[in-house]
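Subject: Structure for your review

Hello,

Here is the structure I said I would pass on. Please open it alongside this message and follow the residue numbers as you read.

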Amino acid sequence: MAIYLIVLGIVMVLGCCVEIGKVNHWNAMFVRGNRTWTIPLTGIFWALIFVTLTLFGGLRYMVGTDFEGYCEIFENIAADWYVETYAGTERGYVWLNRLISLFTQESQVVIFITNMIICWLGVTALRKYCRFAPFGIYIFFTTLYYSSFNLIRQGMAAAFVFLAVGYAADRKMIKSILLVLAGTLFHKTALLMVPVLILMQFQYKPVVYWVVYLLCAAASLSERGRDIIANQLVGRFYPYVANDAATFQVDFSPTQVILCLLYMLLCLYYWKKMRERNQGNIVYINLSILIFMLYSVFFWLPMWSRLNMYFICLYALIVPAAVDCEDSRRLKTFYYGVLLGILLFFYIAPTLMGGGDWYYGTFFEKLAILREEAMWP
């Protein structure tokens, strides 16, 4: 686990440099002849964050339960572009493999490029829309980024959605919807986020939120209602696992419900100021309510442990937008200190108690093995 904490620490320190650079207007001067260019150092810090994350995730080797599976997909597609085995796989991912196979037969390149796409989309979203870089980087690293080590295709789709939410809060809905549709090229479940982002654009009366929550809770208590919803979702998005008991396994996390409740209360407390700062913040407020509802009421949804990938990373944008409305620097520091302390505890504690999978290997280990095999008599 140490290597993960070291990398997390590096990118969070760089995130702190971003914030300090913004406050103090850190710039670098580049002079050539009679021309002078001013380069904001914050851009350099963001570039270093992108490079660090890309190298760490892109050079990983045998990390993640699906690592070998994705390497096998590439090798099969490289050998036969139209192999029938992947006829049902999203076209965007298949064509990405086909294009890469034009230049190399090394499967590690797919891991590197897919991770680079996720990092580019994630860092772009954080740079444009996160109000406090260290917190946003922490959430992104420990949720979407880390989960994508296992779920590469869905990780790419979630990264498109992550940036799309920022555009939605910026009232750029065409760009937002186009990004979500681009995400469906890599995992079709991203399509669920189109109606979500449209509904999140509106402010509703408090009674509407209560009625919707109570109706959803009532529907969840109905075994027949749960079966109908579950079968519809599985039939449309996961038909190949319809007979797998693990698909319908309940994944309830009291810790996550409590954290979501804290985030929602923070948004509700600063509701008025958030709306005054930016009318588009209603997207973040609505999402904080929706995500709490999903974790507290819809935890039984099939494949919820995968579907929540689209939502949990959004706190990287939601929480800083709320905390930024607090005028007291001391109180802001308190908020981030408490929240990061809680998050770090639950990030590290499972490993200390013997849980978690924190293996990390690099592509250089594969190269070393190949060299040894070549030298073997």
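This is a predicted model: local features need pLDDT of at least 70, side-chain atom pairs count only at pLDDT 80 or more; totals for chains, interfaces and linings use all residues.

Helix packing

Helix H7 (residues 152-169) packs against helix H14 (residues 282-297) with the axes 8 Å apart and at an angle of about 130°. The two helices are therefore oblique to each other. On the H7 side the contact is made by Val165, Gly166, Ala168 and Ala169, and on the H14 side by Val283, Tyr284 and Leu287. Sorted by class, this contact of H7 with H14 has 6 nonpolar residues, 1 polar and no charged.

The other contact is between helix H12 (residues 254-269) and helix H17 (residues 315-323), whose axes come within 9 Å and cross at roughly 40°. That angle makes H12 oblique to H17, and the crossing is left-handed. From H12, Cys260, Tyr263, Leu266 and Cys267 meet Tyr315, Ile318, Val319, Ala322 and Val323 of H17. The contact of H12 with H17 divides into 9 nonpolar residues, no polar and no charged.

Asparagine 286

Helix H14 also holds asparagine 286. Its relative accessible area is 3%, so asparagine 286 is buried, the cut-off being under 20%. Leaving aside residues up to four places away in sequence, asparagine 286 touches Leu199, Met200, Phe202, Tyr204 and Tyr209.

Aromatic pairs

The count comes to 28 aromatic pairs. In one of them, phenylalanine 56 and tyrosine 360 have ring centres 4.4 Å apart and planes at 15°, so the pair is stacked. Phenylalanine 56 lies in helix H2 (residues 41-58) and tyrosine 360 in the loop between helix H18 (329-352) and helix H19 (363-375), so the pair ties together parts 304 residues apart in sequence. Phenylalanine 56 and tyrosine 360 are both buried.

Phenylalanine 132 and tyrosine 336 form an aromatic pair that is stacked, at 4.3 Å centre to centre and 20° between the planes. Phenylalanine 132 sits in the loop between helix H5 (108-129) and helix H6 (133-147) and tyrosine 336 in helix H18, so this pair ties together parts that are 204 residues apart in sequence. Phenylalanine 132 is partly exposed, with a relative accessible area of 24%, whereas tyrosine 336 counts as buried at 9%.

Finally, one aromatic cluster is formed by Tyr4, Phe56, Phe140, Phe141, Tyr145, Tyr146, Phe149, Phe162 and Tyr360. Both partners of the stacked pair phenylalanine 56 and tyrosine 360 are therefore found in that cluster.

Regards

Methods
Residues are numbered from 1 along each chain as its sequence is written. Side-chain values use heavy atoms; hydrogens and water are left out. Axes are lines fitted to C-alpha atoms, for helices over the stretch in contact, and angles run from 0 to 180 degrees between N-to-C directions. Helices (H or I, at least four residues) and strands (E, at least two) are DSSP runs, numbered from the N terminus. Angles under 35 degrees count as roughly parallel, over 145 as roughly antiparallel, 65 to 115 as roughly perpendicular and the rest as oblique. Contact means heavy atoms within 4.5 Å. Ala, Val, Leu, Ile, Met, Phe, Trp, Tyr, Cys and Pro count as nonpolar, Asp, Glu, Lys and Arg as charged, and the others, Gly among them, as polar. Buried means under 20% relative accessible area, exposed over 50%, partly exposed in between (1.4 Å probe, protein chains only). A crossing is left-handed if the near helix is turned anticlockwise from the far one by less than a right angle, and right-handed if clockwise. Rings of Phe, Tyr and Trp (its six-membered ring) pair if their centres lie within 6.5 Å; planes under 30 degrees apart count as stacked, over 60 as edge-to-face and the rest as tilted.
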